[in-house]
Amino acid sequence: MRTTGGQMTFEHIVQINDLTKPELPVLTRFQVWEGLVLRARRPDKFLVGVDDYEILDQGPAYLKRSLQLPGLHVVDEVTFWHEARIEYRTQPTANLPAATLVMDIEEPEPASLFVRFRYETASIENRGDSMPYDQYLEQAYVATDIETIQIIRQLAETGVFR
């Protein structure tokens, strides 16, 4: 995590396929992509605490949504680059700074898939808590992203992404 000029930038990578472990099911780029798209279209299946959501506008490579979280209303825009990248841009509110999440599917060698998650948001000042808020946020992002990949794996095993 880097904090510069009041801006927090954080990124991490989740490995999808480990080619050194042939016993693990291998996901295709298409399956990973479809799972990441599903996360945008059905946030209630992936994000804890989504009480309600609504798709406000959509096009072939664009989605605008409204999400109701506990004590928080979020409006974001999602842009899709087919089987490569998904970018979320959260609109700022009185309680929430503008934020960006970019998910890139990376394939350094055939079938060796990774998803890079990159977050940018205004840094939140620590209010004397035992753990700095940015550090707490970083841990929550990592846990959510790892869980996203686990859900995609489970869905792929059921044959949803064909």
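So, the chain has two helices and eight strands. Reading along the sequence, you get β-β-α-β-β-β-β-β-β-α.

Now, this is a predicted model, where local features need pLDDT of at least 70 and side-chain atom pairs count only at pLDDT 80 or more, while totals for chains, interfaces and linings use all residues. Residues are numbered from 1 along each chain as its sequence is written, and side-chain values use heavy atoms, with hydrogens and water left out.

pLDDT is the predictor's confidence in each residue, from 0 to 100. The chain has a mean of 88, with 89% of its residues at 70 or more.

On to the rings. There are four aromatic pairs in the structure. For a pair, rings of Phe, Tyr and Trp (its six-membered ring) need centres within 6.5 Å; planes under 30 degrees apart are stacked, over 60 edge-to-face, and the rest tilted. Take F10 and Y141: their planes are at 25° and the ring centres 6.5 Å apart, so this pair is stacked. F10 sits in strand β2 (residues 7–15) and Y141 in helix α2 (residues 133–157), so the pair ties together parts that are 131 residues apart in sequence. Are these two buried or exposed? F10 and Y141 are both buried, where buried means under 20% relative accessible area, exposed over 50%, and partly exposed in between, with a 1.4 Å probe and protein chains only. Ring pairs also link F10, Y119 and Y141 into a cluster.

Another pair is W33 with F80, and that one is edge-to-face, at 6.3 Å centre to centre with 80° between the planes. W33 is in helix α1 (residues 29–41) and F80 in strand β5 (residues 72–81), 47 residues apart. W33 is buried at 5% relative accessible area, and F80 counts as buried at 8%. Across the chain's 162 residues, 36% count as buried.

Next, two loop residues. Most residues other than glycine have a negative phi. E83, in the loop between β5 and β6, isn't a glycine, yet its phi is positive, about 55°. A111 is not a glycine either, and has a positive phi of about 70°; look for A111 in the loop between β7 (99–109) and β8 (112–122).

Last stop, the largest pocket, with a volume of about 1100 Å³. On a 1 Å grid over the protein atoms alone, a pocket is an open set of points where a 1.4 Å probe fits, with protein on both sides within 12 Å along at least five of seven lines; lining residues have an atom within 4 Å of a point. Points are joined across faces, edges and corners, and the volume is the space filled by probe spheres set on them. There are 34 lining residues, and L69, L72, L96, L137 and our friend Y141 are closest to the centre. Which element gives the largest share of the lining? That's α2, with seven residues.

How values were computed:
Helices (H or I, at least four residues) and strands (E, at least two) are DSSP runs, numbered from the N terminus.
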